[in-house]
Amino acid sequence: MGQGLNRALHFPGGVMPELHKSKVLLLGDGAVGKTSLIKRFVVDQFGDDYITTIGTKVTKKELTITDGGTTHLVALTIWDVLGQQGYSAVQTSAFQGARGVLLIYDVTRSETRESLERYWIPRVREVIGSVASIVAGNKVDLADDRAAAQEDLEHLAGKYAMPHFLTSAKTGEKVEEAFTKLGKAGIGAVEAPLEALGGSLVSARTDPLVAVADRVMMDFAREFGGIEGAMPIIKTQATKAGLDVRAPSKEAIRRFIDYLQEIERGFRPANTAAQNHSRRAAWLRDAS
Ligand code: G3D
Ligand code: MG
C-alpha cells in the first residue's frame, strides 16, 4: 500500500501507471554472460566470484517504459535459466509463462551464436511457441573486430526479425537498452515471433547422467511445489554434493539424491521421502 503511494508520487500528476507483470527469460550457452548481464542491469556491477548458475535464478526489477506517449510500469521477473544443454525438464518448466526472451551469445565464441540457432531458438519455439525475442551479442568489449561482430549479429537477427544489440556486461554498453526492449515485450510492444526459417531441433545426444540430474531436479521441484521456490534448495544441495552440472558424476548425483531426501524429511512424511529417494536412485542405476 505504502509502496503504491510512493510510486504514484513519481509520476506526472501522481497518476499511477498501469502495472504489467512480465516474466522474461535469459537463454544461451554457459559462460556467455547471462548472470553478469542481470547483475549489471539490476545492481550496476560487474565481476565478483559468480559461480555457474545451477538450475534457475529469479531476479525482480521494475522498469518504467514510455511507449506511444503512455507510461507503463513493468515488473520484470527475470529468469536466469541453466545454460547447460540437456536439462530439458528444468528448462521446459522454467519457460512456462514467459512473455519475452533475451537470447545471448558470446561474440568471441561463434559456437555460442550457432548454438542459439541449433538449440535455443528451436527449444523456445517447441516449448513456448511464438514469443517476443531479442538477441544480444555479449562481451563486445573483447571483440577485436566490431564491424564483423555487428555483421554476424545482424545476420542472425535478420533471419528471425529480432531486435538486436551488441552488449557488454563489463562496460555496461547497451545493457539497459536490451532489458528495456525486454520490458517492452512485457507490454506487447515488441513483435518478434521466432517463426521464420531455420533451426530444426537437432536432438543432441544428451549425457545420460545429465538427463538423470535434470529429472531428479524436476522431481524434487514438483514435490516441493514449484521450480521457483525449489531452485535455491536444489542449488545449495547440488553445490554441497559437488555436482558439476556440465558433467555430473555418478557419485555426485548419488550424494545429491541423498541430500534432497534429508531436505524432504523436513516437509514430507519419512516414508514419502524414502520412496522419492528410491525412485531417484533407480533412475541413476538405470542410467549407468
Ligand atoms: P553465464 O551466466 O551465461 O554462464 P557469466 O555467464 O555471467 O557467469 O559470465 C561468464 C564469464 O564471462 C565470467 O568470467 C564473466 O565475468 C565474463 N563476462 C560476462 N560478460 C562479460 C562481458 O561483457 N565482457 C567481458 N569481458 N567478460 C564478461 P569469469 O572469469 O568470472 O568466468
Ligand atoms: Mg550464470
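Mentor: A crossing is called left-handed if the near helix is turned anticlockwise from the far one by less than a right angle, and right-handed if clockwise; helices are DSSP runs of H or I of at least four residues, numbered from the N terminus. This is a predicted model, in which local features need pLDDT of at least 70 and side-chain atom pairs count only at pLDDT 80 or more, while totals for chains, interfaces and linings use all residues. Residues are numbered from 1 along each chain as its sequence is written, and side-chain values use heavy atoms, with hydrogens and water left out.

Trainee: Which hand does the crossing of H9 and H10 have?

Mentor: The crossing of H9 and H10 is right-handed. The contact, meaning heavy atoms within 4.5 Å, involves residues of H9 including Ile253, Ile257 and Leu260, and residues of H10 including Ala274, His277 and Leu284. The residues of this contact divide into seven nonpolar, three polar and five charged, where Ala, Val, Leu, Ile, Met, Phe, Trp, Tyr, Cys and Pro count as nonpolar, Asp, Glu, Lys and Arg as charged, and the others, Gly among them, as polar.

Trainee: Which residues of H9 are buried?

Mentor: Buried means under 20% relative accessible area with a 1.4 Å probe, protein chains only. In H9 the buried residues are Ala252, Ile253, Phe256, Ile257, Tyr259, Leu260, Gln261 and Glu264, and they pack against helix H7 (208-224), helix H8 (227-240) and H10.

Trainee: How much of the chain is buried?

Mentor: Buried residues make up 48% of the 288 residues in the chain, whose secondary structure includes ten helices.

How values were computed: Chains are lettered from A and ligands numbered from 1 in the order in which they are written. Helices (H or I, at least four residues) and strands (E, at least two) are DSSP runs, numbered from the N terminus. Buried means under 20% relative accessible area, exposed over 50%, partly exposed in between (1.4 Å probe, protein chains only).
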